[in-house]
Amino acid sequence: MHERLHRVLERIKPDIVFACYGMNDGIYMPFNETRFEQYKTGMNWLHDTLVKTGARVIILTPPVYDEARGSAKGYAAVLDKYADWLLAQQKNGWEIVDIHYPMKKYLTAHRTVDADFGIKGFFLAADGIHPGAAGHWLMAKQILLYLGEKKVTGCPDIQAAMATHRQGDAILKRIEEKQALMKDAWLSTTGHKRPGMKTGLPLNEALSRSAAIDNQIKALL
(Lines give C-alpha, C1' and ligand atoms only; values in the text may rest on other atoms or scores of the structure.)
Protein backbone atom coordinates (compact mmCIF):
# COMPACT_ATOMS: atom_id res chain seq x y z
CA MET A 1 0.00 0.00 0.00
CA HIS A 2 2.77 2.45 0.90
CA GLU A 3 4.54 1.57 -2.34
CA ARG A 4 1.62 2.22 -4.70
CA LEU A 5 -1.04 4.38 -3.04
CA HIS A 6 0.13 7.74 -4.37
CA ARG A 7 0.50 6.30 -7.87
CA VAL A 8 -2.99 4.79 -7.73
CA LEU A 9 -4.58 8.02 -6.50
CA GLU A 10 -2.84 10.05 -9.19
CA ARG A 11 -4.13 7.80 -11.97
CA ILE A 12 -7.67 7.18 -10.70
CA LYS A 13 -8.41 10.57 -9.11
CA PRO A 14 -11.28 9.10 -7.06
CA ASP A 15 -14.34 10.98 -5.86
CA ILE A 16 -14.95 8.48 -3.06
CA VAL A 17 -12.72 5.84 -1.46
CA PHE A 18 -13.76 2.86 0.63
CA ALA A 19 -11.00 1.25 2.71
CA CYS A 20 -11.26 -1.93 4.77
CA TYR A 21 -8.22 -3.10 6.70
CA GLY A 22 -7.72 -5.16 9.85
CA MET A 23 -8.33 -8.82 9.08
CA ASN A 24 -4.68 -9.57 8.28
CA ASP A 25 -3.13 -6.82 10.38
CA GLY A 26 -3.09 -8.69 13.67
CA ILE A 27 -1.38 -11.55 11.74
CA TYR A 28 -3.75 -14.09 13.39
CA MET A 29 -1.91 -13.87 16.70
CA PRO A 30 -3.16 -12.97 20.18
CA PHE A 31 -3.55 -9.27 20.84
CA ASN A 32 -0.28 -7.40 20.89
CA GLU A 33 0.01 -3.71 21.71
CA THR A 34 2.92 -3.10 19.33
CA ARG A 35 1.01 -4.57 16.38
CA PHE A 36 -2.05 -2.56 17.40
CA GLU A 37 -0.03 0.67 17.44
CA GLN A 38 1.33 -0.17 13.99
CA TYR A 39 -2.22 -0.70 12.76
CA LYS A 40 -3.37 2.64 14.17
CA THR A 41 -0.37 4.41 12.65
CA GLY A 42 -1.08 2.83 9.28
CA MET A 43 -4.77 3.70 9.34
CA ASN A 44 -4.06 7.29 10.35
CA TRP A 45 -1.57 7.58 7.48
CA LEU A 46 -4.05 6.06 5.03
CA HIS A 47 -6.93 8.28 6.13
CA ASP A 48 -4.82 11.45 6.10
CA THR A 49 -3.37 10.64 2.68
CA LEU A 50 -6.80 10.02 1.18
CA VAL A 51 -8.38 13.11 2.73
CA LYS A 52 -5.66 15.30 1.20
CA THR A 53 -6.85 14.30 -2.30
CA GLY A 54 -10.24 15.86 -1.66
CA ALA A 55 -12.01 12.51 -2.02
CA ARG A 56 -14.73 11.42 0.37
CA VAL A 57 -13.19 8.73 2.59
CA ILE A 58 -15.27 5.94 4.13
CA ILE A 59 -13.50 3.41 6.34
CA LEU A 60 -14.99 -0.02 7.01
CA THR A 61 -14.37 -1.98 10.19
CA PRO A 62 -12.76 -5.39 9.55
CA PRO A 63 -14.99 -8.39 8.82
CA VAL A 64 -15.63 -10.86 11.60
CA TYR A 65 -13.21 -13.73 12.26
CA ASP A 66 -14.88 -17.08 12.97
CA GLU A 67 -12.87 -19.08 15.49
CA ALA A 68 -15.16 -22.10 15.03
CA ARG A 69 -13.83 -22.43 11.48
CA GLY A 70 -10.35 -20.92 11.70
CA SER A 71 -7.36 -22.02 13.74
CA ALA A 72 -6.34 -18.68 15.28
CA LYS A 73 -7.81 -18.84 18.75
CA GLY A 74 -8.50 -15.50 20.39
CA TYR A 75 -8.27 -13.63 17.10
CA ALA A 76 -11.94 -12.69 17.09
CA ALA A 77 -11.31 -10.53 20.16
CA VAL A 78 -8.35 -8.89 18.41
CA LEU A 79 -10.58 -7.75 15.58
CA ASP A 80 -13.15 -6.53 18.11
CA LYS A 81 -10.47 -4.20 19.45
CA TYR A 82 -9.49 -3.02 15.97
CA ALA A 83 -13.14 -2.40 15.08
CA ASP A 84 -13.77 -0.55 18.35
CA TRP A 85 -10.82 1.75 17.70
CA LEU A 86 -12.06 2.58 14.20
CA LEU A 87 -15.58 3.27 15.47
CA ALA A 88 -14.09 5.61 18.08
CA GLN A 89 -12.55 7.69 15.27
CA GLN A 90 -16.01 8.96 14.39
CA LYS A 91 -15.50 11.54 17.12
CA ASN A 92 -12.55 12.80 15.05
CA GLY A 93 -14.74 13.25 12.00
CA TRP A 94 -14.00 9.94 10.28
CA GLU A 95 -16.78 8.33 8.25
CA ILE A 96 -17.01 4.73 9.47
CA VAL A 97 -19.25 1.94 8.19
CA ASP A 98 -19.42 -0.92 10.69
CA ILE A 99 -19.50 -4.31 8.99
CA HIS A 100 -17.78 -6.15 11.87
CA TYR A 101 -20.51 -6.19 14.47
CA PRO A 102 -23.45 -6.75 12.06
CA MET A 103 -21.60 -9.79 10.72
CA LYS A 104 -20.82 -11.00 14.24
CA LYS A 105 -24.45 -10.55 15.30
CA TYR A 106 -25.73 -12.38 12.21
CA LEU A 107 -23.28 -15.26 12.69
CA THR A 108 -24.14 -15.66 16.37
CA ALA A 109 -27.89 -15.52 15.78
CA HIS A 110 -27.85 -18.13 13.02
CA ARG A 111 -25.49 -20.42 14.87
CA THR A 112 -27.69 -20.24 17.97
CA VAL A 113 -30.64 -21.76 16.08
CA ASP A 114 -28.47 -24.19 14.13
CA ALA A 115 -28.83 -27.63 15.67
CA ASP A 116 -25.42 -28.64 14.32
CA PHE A 117 -23.36 -26.01 16.13
CA GLY A 118 -19.68 -25.49 15.38
CA ILE A 119 -17.53 -26.62 12.50
CA LYS A 120 -20.41 -28.28 10.65
CA GLY A 121 -22.94 -25.65 11.58
CA PHE A 122 -23.78 -22.28 10.08
CA PHE A 123 -20.87 -20.16 8.87
CA LEU A 124 -20.17 -17.08 6.77
CA ALA A 125 -16.61 -18.09 5.88
CA ALA A 126 -15.59 -21.71 5.41
CA ASP A 127 -12.05 -20.92 6.59
CA GLY A 128 -13.16 -18.35 9.16
CA ILE A 129 -11.68 -15.51 7.09
CA HIS A 130 -13.00 -15.24 3.53
CA PRO A 131 -16.78 -14.76 3.44
CA GLY A 132 -18.99 -16.43 0.86
CA ALA A 133 -21.94 -14.82 -0.86
CA ALA A 134 -23.94 -14.34 2.35
CA GLY A 135 -21.05 -12.58 4.07
CA HIS A 136 -20.33 -10.36 1.10
CA TRP A 137 -23.98 -9.32 0.96
CA LEU A 138 -23.92 -8.44 4.66
CA MET A 139 -20.93 -6.19 4.04
CA ALA A 140 -22.42 -4.60 0.92
CA LYS A 141 -25.74 -4.12 2.68
CA GLN A 142 -24.19 -2.07 5.49
CA ILE A 143 -22.51 0.18 2.92
CA LEU A 144 -25.76 0.62 0.99
CA LEU A 145 -27.68 1.43 4.15
CA TYR A 146 -25.02 3.96 5.16
CA LEU A 147 -25.39 5.62 1.76
CA GLY A 148 -29.15 5.87 2.22
CA GLU A 149 -30.36 2.88 0.18
CA LYS A 150 -33.01 1.91 2.71
CA LYS A 151 -34.85 -0.36 0.27
CA VAL A 152 -32.29 -3.13 0.90
CA THR A 153 -33.23 -3.35 4.59
CA GLY A 154 -35.36 -6.47 4.21
CA CYS A 155 -33.37 -8.11 1.40
CA PRO A 156 -31.68 -11.36 2.48
CA ASP A 157 -29.30 -11.44 -0.51
CA ILE A 158 -28.24 -9.55 -3.64
CA GLN A 159 -30.67 -11.53 -5.78
CA ALA A 160 -33.59 -10.31 -3.65
CA ALA A 161 -32.32 -6.75 -3.89
CA MET A 162 -32.03 -6.93 -7.68
CA ALA A 163 -35.41 -8.68 -8.00
CA THR A 164 -37.10 -5.33 -7.39
CA HIS A 165 -36.27 -4.61 -11.05
CA ARG A 166 -37.56 -6.85 -13.84
CA GLN A 167 -34.12 -6.80 -15.49
CA GLY A 168 -32.30 -7.28 -12.20
CA ASP A 169 -30.42 -10.46 -13.11
CA ALA A 170 -29.23 -9.05 -16.41
CA ILE A 171 -28.13 -5.79 -14.78
CA LEU A 172 -26.19 -7.66 -12.09
CA LYS A 173 -24.36 -9.73 -14.72
CA ARG A 174 -23.30 -6.58 -16.58
CA ILE A 175 -22.09 -4.99 -13.32
CA GLU A 176 -20.03 -8.08 -12.48
CA GLU A 177 -18.56 -8.05 -16.00
CA LYS A 178 -17.60 -4.39 -15.69
CA GLN A 179 -16.05 -4.85 -12.24
CA ALA A 180 -13.86 -7.75 -13.40
CA LEU A 181 -12.79 -5.82 -16.50
CA MET A 182 -11.85 -2.62 -14.70
CA LYS A 183 -10.25 -4.29 -11.67
CA ASP A 184 -7.67 -6.05 -13.83
CA ALA A 185 -7.12 -3.02 -16.06
CA TRP A 186 -6.54 -0.63 -13.15
CA LEU A 187 -4.22 -3.05 -11.34
CA SER A 188 -2.09 -3.45 -14.46
CA THR A 189 -2.15 0.27 -15.26
CA THR A 190 -1.21 1.52 -11.81
CA GLY A 191 1.24 -1.28 -11.13
CA HIS A 192 1.63 -3.62 -8.18
CA LYS A 193 4.10 -6.16 -6.81
CA ARG A 194 1.69 -9.00 -6.10
CA PRO A 195 2.59 -12.15 -8.07
CA GLY A 196 0.11 -14.28 -9.95
CA MET A 197 -2.41 -11.55 -10.76
CA LYS A 198 -4.17 -11.50 -14.13
CA THR A 199 -2.88 -8.95 -16.64
CA GLY A 200 -5.64 -6.52 -17.56
CA LEU A 201 -6.42 -4.84 -20.84
CA PRO A 202 -4.77 -1.52 -21.71
CA LEU A 203 -6.69 1.17 -19.85
CA ASN A 204 -8.07 2.97 -22.92
CA GLU A 205 -9.46 -0.28 -24.32
CA ALA A 206 -10.91 -1.24 -20.92
CA LEU A 207 -12.56 2.17 -20.52
CA SER A 208 -14.10 1.87 -23.98
CA ARG A 209 -15.53 -1.55 -23.17
CA SER A 210 -16.68 -0.26 -19.78
CA ALA A 211 -18.56 2.59 -21.44
CA ALA A 212 -20.29 0.09 -23.73
CA ILE A 213 -21.35 -1.96 -20.69
CA ASP A 214 -22.65 1.22 -19.04
CA ASN A 215 -24.84 1.83 -22.09
CA GLN A 216 -26.17 -1.72 -21.84
CA ILE A 217 -27.00 -1.19 -18.17
CA LYS A 218 -28.76 2.10 -18.95
CA ALA A 219 -30.82 0.39 -21.63
CA LEU A 220 -31.82 -2.37 -19.19
CA LEU A 221 -32.79 0.25 -16.60
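**Terms and their grounds**

Trainee: Why is Cys20 called partly exposed?

Mentor: Buried means under 20% relative accessible area, exposed over 50%, and partly exposed in between, with a 1.4 Å probe and protein chains only. Cys20 has a relative accessibility of 35%, so Cys20 counts as partly exposed. Please note that this is a predicted model, in which local features need pLDDT of at least 70 and side-chain atom pairs count only at pLDDT 80 or more, while totals for chains, interfaces and linings use all residues. Residues are numbered from 1 along each chain as its sequence is written, and side-chain values use heavy atoms, with hydrogens and water left out.

Trainee: Is Cys155 buried or exposed, and why?

Mentor: Cys155 counts as buried because its relative accessibility is 10%.

Trainee: How many disulfides does the structure hold?

Mentor: It holds zero disulfides, a disulfide being a pair of cysteine sulfur atoms within 2.5 Å.

Trainee: Why is His47 called buried?

Mentor: The relative accessibility of His47 is 9%, so His47 counts as buried. His47 lies in helix α2, residues 33-51. With neighbours within four places in sequence left aside, His47 is in contact (heavy atoms within 4.5 Å) with Val57, Ile59 and Trp94.

Trainee: What share of the residues of the protein counts as buried?

Mentor: The share is 38% of the 221 residues.

Trainee: Which elements make up the secondary structure of the protein?

Mentor: There are eight helices and three strands. Helices (H or I, at least four residues) and strands (E, at least two) are DSSP runs, numbered from the N terminus. From that end, the order is α-β-α-β-α-β-α-α-α-α-α.

Trainee: What makes the protein as compact as a globular protein of its length?

Mentor: Its radius of gyration is 19 Å, close to the 17 Å that the globule rule gives for 221 residues, so the protein is as compact as a globular protein of that length. The radius is taken over C-alpha atoms, and the rule is 2.2 Å times the number of residues to the power 0.38.

Trainee: Which residues line the largest cavity?

Mentor: A cavity is a set of points, on a 1 Å grid over the protein atoms alone, where a 1.4 Å probe fits but cannot get out; lining residues have an atom within 4 Å of a point. The lining consists of Val64, Asp66, Met103, Leu107, Leu124, Ala125, Gly128, Ile129 and Pro131.

Key. On a 1 Å grid over the protein atoms alone, a cavity is a set of points where a 1.4 Å probe fits but cannot get out, and a pocket is an open set with protein on both sides within 12 Å along at least five of seven lines; lining residues have an atom within 4 Å of a point.
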